[in-house]
Amino acid sequence: MDLADVWFVGNSANDGGAIAITGSGKLTDPTPVPPGPMPIGPPGPIVYDVRFYENTARADGGAVFYRSSNQTSVLDHVAFGSNTSAARGGGIAVLKGTLSLTESTFGANQATAFGPNGAGIHIEGTPNSNAKVVATRVKFDNNNGLGGFGVFISSWGEFQSHGCDFSNNNMIWIGRTPVAPRQPLNPLGTYTPDPNDPDINMM
């Protein structure tokens with residue numbers, strides 16, 4: 001799938017309101033290369049300047065569902081706004097494989113199911129398939145979930161933060177005391193914060 005300068009608005013599906021990547025699927029390098037300098041980043045396919053707005057998943061991944069055994073996929077200058085999932089990951093659900101996000105935003109996404117469900121990104125693997133997100137200069141603002149804020153890292157999940165900003169994200173989980181909304185919720189997975197971001201810490 002080659003993506004550059006594309007908008008996905010108002011789509012719906014069971015998993016991945018706009019896009020579902022499964023099996024050996026991957027997000028591939030756009031052709032031709034979009035104008036302007038491309039940031040130097042990790043190797044692998046790139047999705048550049050794509051917008052996901054008001055997409056809905058009846059289960060996981062309001063905009064994108066990602067469960068891939070292929071190489072790392074890179075999303076650069078991508079915006080996720082007002083997407084909704086009925087289960088995990090209002091913006092993205094990553095259940096297998098690695099996503100690298102750079103200079104991207106997550107705003108006003110929602111995960112509406114009870115339980116631990118990341119409103120912006122939900123990261124959850126299995127003993128045999130790790131799930132990982134590397135985020136560089138990504139902003140998470142005003143994402144709301146019944147069990148997670150901007151990011152929820154669950155079993156066999158990993159989240160690496162480099163210069164990210166978390167603000168105004170809310171957890172609305174009945175029976176559980178909400179914690180500081182500037183921080184990802186990480187009960188079981190691995191969270192590696194940027195040492196230059198002292199206000200973003202593992203809980």
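**Close-up 1. Contacts of Phe52 in the predicted model.** Leaving aside residues up to four places away in sequence, Phe52 touches Phe8, Ala18, Ile19, Ala63, Val64, Val78, Ala79, Phe80, Gly81 and Asn83. Phe52 and Phe80 are both buried.

**Close-up 2. Aromatic pairs, with Phe52 and Phe80 in view.** The structure contains 8 aromatic pairs. The ring centres of Phe52 and Phe80 lie 4.9 Å apart and the planes are at 5 degrees, so this pair is stacked. Distant parts of the chain are linked by the pair: Phe52 belongs to strand E4 (residues 46-53) and Phe80 to strand E8 (residues 79-81), 28 residues apart.

**Close-up 3. The pair of Phe140 and Phe166.** Here the ring centres of Phe140 and Phe166 are 4.7 Å apart, with planes at 5 degrees, so the pair is stacked. Because Phe140 is in strand E15 (residues 139-141) and Phe166 in strand E19 (residues 165-167), the pair ties together parts 26 residues apart in sequence. Phe140 has 0% relative accessibility and counts as buried; Phe166, at 0% relative accessibility, counts as buried too.

**Close-up 4. The cluster of rings.** Phe8, Phe52, Phe80, Phe106, Phe140, Phe159 and Phe166 are joined into a cluster by ring pairs.

**Close-up 5. The largest nonpolar core.** This core has 30 residues, of which Phe52, Phe80, Ile121 and Phe159 touch the most other members. At least two residues of the core come from each of strand E3 (19-23), E4, strand E6 (64-68), strand E10 (92-102), strand E13 (121-123), strand E14 (131-136) and strand E17 (151-153). E10 gives the most, with 4 residues.

Methods
Residues numbered from 1 in each chain as written. Predicted model: local features only at pLDDT ≥ 70, side-chain atom pairs only at ≥ 80, totals over all residues. Heavy atoms only, no water. Phe/Tyr/Trp six-rings, centres within 6.5 Å; stacked < 30°, edge-to-face > 60°. Buried < 20%, exposed > 50% of the residue type's maximum accessible area, 1.4 Å probe, protein only. Core = buried A, V, L, I, M, F, W, Y, C linked by side-chain atoms within 4.5 Å. Contact = heavy atoms within 4.5 Å.
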